[in-house]
Amino acid sequence: MSTASTEQLKSAIASYKNDVDYLEIRVEQSESTGLSFRGKQLDGVDRSFSLGGGIRACHQGGWSFVTFNGLKELESRIKEAISQAKLVGKEETQLATAEPIEDFVPEKIKRDPRSVSLQDKRKLLEAYNQILLDFDPRIQTTMASISDRFTTKTFVNSTGSCIVQERLDVNGRFAAIAKGEDGIVRQGYESVHSRNDFDVLVGIEDRVRGAAERAVRQLEAKSVKGGQYTVVLDPYLAGVFIHEAFGHLSEADFVYENPKMQELLTLGKPMGIEQLNVVDDATMENLPGSMKYDDEGIPGQRKYLIKNGVLTERLHSLETAGKMQESPTGNARAIRANYPPIVRMTNTAIEPGDTPLEKMFEGIDEGVYAVRMLGGQTNGEMFTFAAAEGYMIRDGKIAEPVSDVTLSGNVFQTLQDIDAISDDTLYTNGGCGKGGQMPLPVSVGGPHIRIKNVVVGGR
């Protein structure tokens with residue numbers, strides 16, 4: 001946006017800020033491209049330019065949210081937001097206080113995807129898709145895509161903040177679907193992401209091939225025998241587990257509205273062994289969930305959700321922090337400016353422990369090594385995850401591959417059952433869904449973790 005447009009937003013806020021308890025305007029201007037193959041066919045080529053925004057007003061505890069597609073609508077939409085907030089507001093507005101901030105945050109781009117032609121992007125993607133198709137005759141079909149999106153986000157509110165942030169996301173996603181003679185179908189998946197460099201998509205033939213290798217390898221695996229095992233999770237699955245099963249429980253809007261969870265998630269409560277540390281960190285470089293400021297203008301932070309095995313923090317917006325008399329954490333996020341910010345994670349991970357990787361399997365007579373994530377669901381404190389790959393552990397060593405590995409349990413008991421955390425770590429990109437807003441860019445990560453007494457279901 002131009003300086004003139006920013007001044008227009010600031011002037012509009014100044015004109016109406018005394019009519020409600022809180023008022024904000026968010027505007028987003030973006031340009032994006034996306035290409036995808038499905039099997040041998042080019043499935044889609046998209047290029048778009050957009051400008052949109054959202055206005056939130058709060059009065060006597062009542063919130064309204066309206067959207068607009070151009071600045072000509074701004075004044076009428078502000079008036080609409082204010083009237084709606086006054087219509088629903090019946091209580092006291094409780095928002096945490098925050099210092100006003102004025103800042104411009106540029107994206108430090110290495111190779112800009114906007115300088116790469118659509119034809120060159122297609123050639124690159126077509127070559128990767130062909131690697132998947134040619135890998136093995138049992139590969140039935142593929143799904144391959146690359147995309148890039150550059151965004152300029154402007155935020156102005158009634159407490160005096162005016163923040164302009166640039167953001168670039170470059171993504172590659174590659175999947176191979178293989179079918180065996182017995183009709184069993186398996187899938188392998190790989191993804192890459194960068195916040196500053198199109199070249200993340202260049203020279204990744206081995207990673208793309210890995211998706212096909214994993215799909216074919218699982219065709220040879222026999223279904224795991226259901227039972228209770230000691231399980232070792234690889235960093236991919238450990239990261240997804242901590243995000244899905246525990247991270248969402250740390251989002252304060254969920255806690256505030258759920259008396260049972262307030263009791264289960266009392267700060268200071270022991271959650272696991274002393275080596276267990278769980279962070280949500282928006283300050284890491286070049287990760288999908290990283291940002292200098294959230295969508296309420298609060299600085300992104302590094303938070304310890306669990307530190308030395310003890311529950312220490314939760315994730316907040318201005319409203320949840322105000323209602324729970326805690327500090328805002330910079331976790332109010334929206335997928336676009338035409339969606340309202342809600343409490344969301346950023347980059348969530350288990351920190352590395354002190355156990356060498358080769359010792360993680362020692363002492364396990366019969367167990368399961370669960371690798372990567374295929375799918376899953378959570379329901380409050382209960383979870384079920386399906387691993388993309390699995391291997392039996394026998395006499396302390398990784399043994400034959402197994403399939404249909406599903407892990408289920410109670411997250412609080414499972415955290416207590418973690419008895420070893422390795423000294424390695426890995427982050428991977430992902431997309432999170434909540435409140436009808438998905439995929440929100442996040443990353444998940446961690447080391448290998450060992451968990452006792454996990455219920456493993458087979459086919």
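First, the ground rules. Residues are numbered from 1 along each chain as its sequence is written, and side-chain values use heavy atoms, leaving out hydrogens and water. Since I am showing a prediction, local features need pLDDT of at least 70 and side-chain atom pairs count only at pLDDT 80 or more, while totals for chains, interfaces and linings use all residues. Helices (H or I, at least four residues) and strands (E, at least two) are DSSP runs, numbered from the N terminus.

Start with helix α3, residues 118-134. From first C-alpha to last, its 17 residues reach 24 Å, close to the 24 Å expected; the expected span is 1.5 Å times one less than the number of residues. Which residues of α3 are buried? Among them are Lys 121, Leu 124, Tyr 128 and Leu 133. Buried means under 20% relative accessible area, exposed over 50%, and partly exposed in between, with a 1.4 Å probe and protein chains only. The buried residues of α3 pack against β1, β5, β6 and α4, where contact means heavy atoms within 4.5 Å.

Now the rings. Rings of Phe, Tyr and Trp (its six-membered ring) pair if their centres lie within 6.5 Å; planes under 30 degrees apart count as stacked, over 60 as edge-to-face and the rest as tilted. The whole structure holds seven aromatic pairs. One of them joins Tyr 128 and Phe 174, edge-to-face, at 5.7 Å centre to centre and 80 degrees between the planes. Tyr 128 is in helix α3 and Phe 174 in strand β6, 46 residues apart. Why does Phe 174 count as buried? Because its relative accessibility is 0%. Phe 241 and Phe 383 have ring centres 5.4 Å apart and planes at 70 degrees, so this pair is edge-to-face too. Phe 241 lies in helix α5 and Phe 383 in strand β17, so the pair ties together parts 142 residues apart in sequence. Ring pairs link these two and Phe 385 into a cluster.

Last, the sheet. Six strands form an open sheet in the order β12-β11-β10-β15-β22-β21, with mixed pairing. Two strands pair if DSSP finds at least two bridges between them. The edge strands, β12 and β21, each pair on one side only. β21 and β22 run antiparallel and are joined by eight bridges. Cys 432 has Leu 440 in β22 as its bridge partner.
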